[in-house]
Amino acid sequence: MISTDILIIGAGPTGLFTVFEAGLLKLKCHLIDALPQPGGQCSEIYPKKPIYDIPAYPEILAGDLTDKLLEQCKQFEPGFTLGERAETIEKQEDGTFIVTTNKGTKHQAPVVAIAGGLGSFEPRKPLIPNIADFEDKGVEYIIKDPEIYRDKKVVIAGGGDSALDWSIFLADVAKEVTLIHRRNEFRGHLDSVEKVQELKNQGKISLVTPAEVIGIIGNGHVNGVAVKQSREEDKEFNIECDHFIPLFGLSPKLGPIANWGLEIEKNAIKVNNALDYQTNIPGVFAIGDVNTYPGKLKLILCGFHEATLMCQAAYQIINPGKKYVLKYTTVSGVDGFDGTRKEAPKAVVKKIN
Amino acid sequence: MQEDIKVTIVDRDGVSHTIDAPTDMAMNLMEVVRAYELAPEGTIGICGGMVMCASCQCYVNSNHKLPKMQDDEEAMLSEAFYVKDNSRLGCQIQMTPEMDGLEVELAPES
């Protein structure tokens, strides 16, 4: 069991900034995120794209914003459960909550802050009629352990970075790698496209384009895929394989949070914006893009503000009746949980003779 | 101020809406759909208009001269589902006076 003061669901910008604000109040945070890395949409969807409305940054790349937020909250030593999706929440008799992930990791905290953005990222599944029958029987939408493909025949479908990167990686692991894409052009990084070209020339990757997988063949386990290729004239044929890996990107879904008994409106969680962004469940807050209230704007900068106010309410729940007054970091400095201290240099007084 | 144009949008439930779209606010079709809440929040414009998802895919049913498809839109549509010959990404269709009378249908959510 992982214990903390504030359990944050979602490690995007709002969740990461919560760690800093909570740290100033001497509250410790742990974050859960379905993605394997922190940053949320900023690192998953658009790391190389600029953002222009972060105060004091005329321009910052989304990936750099994530790095800066991680650096800013580092001294408050946040814990991370990455690559796992928060599945259930149970209120305990002592008022704390236990949140369990899809992999069974349990977390306990008196305050839960949902900073889940648009939800957890789920793989987009291609529209192949019998694909559901082969899920985990040779069809994998996400590559978790590349070793299961060792000396196997693998077919990958997709035209983005993940399809290219995994084709390159598995070319050295699998017995055969076939990459199928609807077009001859790929939209991945230029390096990856060139590498696939090189591996294709060496005969390590078979490329089938423009084509798509239209069916899966097998009896209890994948034995092959049916492919439709549309060159001069359409032709259909089968490719023998042990695994079919469709990589068509991820799309966010509110997911299990929708079943937590929270008031939901427009795919977002209703909160009390007059006070502290608490949901209809006392002790559970929703901040950032995942919440809604009259006049809500889904902006990173609004998430930062919501996180800051939420932490004050969390302090009151965790330290009932304990006095606190807002302090400016410039005046009081920042004392990290790791023993570091940041502070403004002392004023120098010198006499003029 | 420029006059609004009329755009007809068939939502994912098959209901047709003829609405007024401003042409002087740099809005695109995806944003118009969101402004009129013709698809639930979180099911359209997920990437915010960066051509990095296909949640605003629509089928254009009128003969308007549309902006030429750029490489990124073409690439994104090549990975999308339910794609037809008249598929476009709503975020790439700007609301200009030339788009008056445009008729589109939202593609299914995927």
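Tutor: An angle between axes counts as roughly parallel under 35 degrees, as roughly antiparallel over 145, as roughly perpendicular from 65 to 115, and as oblique for the rest. Please keep in mind that this is a predicted model.

Student: Why are H1(A) and H6(A) called oblique to each other?
Tutor: Helix H1 (residues 13–24) of chain A and helix H6 (residues 300–318) of chain A pack at an angle of about 40°, their axes lying 9 Å apart. Roughly parallel would need an angle under 35 degrees, and roughly perpendicular one of 65 to 115, and therefore H1(A) and H6(A) are oblique to each other. As for handedness, the crossing in which H1(A) passes H6(A) is right-handed.

Student: Which residues in H1(A) and H6(A) meet?
Tutor: From H1(A), Pro13(A), Thr14(A), Phe17(A), Thr18(A), Glu21(A) and Ala22(A) take part, and in H6(A) they meet Ile300(A), Gly303(A), Phe304(A), Ala307(A), Thr308(A), Cys311(A) and Ala314(A). By class, the residues of this contact of H1(A) with H6(A) are eight nonpolar, four polar and one charged.

Student: What makes a residue of chain A count as buried, and what percentage of its 353 residues are buried?
Tutor: A buried residue has 20 or more other C-beta atoms within 10 Å of its own, and buried residues make up 40% of the 353 residues in chain A.

Student: How many residues does each chain bring to the contact between chain A and chain B?
Tutor: Chain A gives 22 residues and chain B gives 14, and the side of chain B that touches chain A has eight nonpolar, three polar and three charged residues.

Technical notes
Residues are numbered from 1 along each chain as its sequence is written. Chains are lettered from A and ligands numbered from 1 in the order in which they are written. This is a predicted model: local features need pLDDT of at least 70, side-chain atom pairs count only at pLDDT 80 or more; totals for chains, interfaces and linings use all residues. Axes are lines fitted to C-alpha atoms, for helices over the stretch in contact, and angles run from 0 to 180 degrees between N-to-C directions. Helices (H or I, at least four residues) and strands (E, at least two) are DSSP runs, numbered from the N terminus. A crossing is left-handed if the near helix is turned anticlockwise from the far one by less than a right angle, and right-handed if clockwise. Two residues are in contact if their C-beta atoms, placed from the backbone, lie within 7 Å. Ala, Val, Leu, Ile, Met, Phe, Trp, Tyr, Cys and Pro count as nonpolar, Asp, Glu, Lys and Arg as charged, and the others, Gly among them, as polar. A residue is buried if 20 or more other C-beta atoms lie within 10 Å of its own, exposed if 12 or fewer, and partly exposed in between; C-beta atoms are placed from the backbone.
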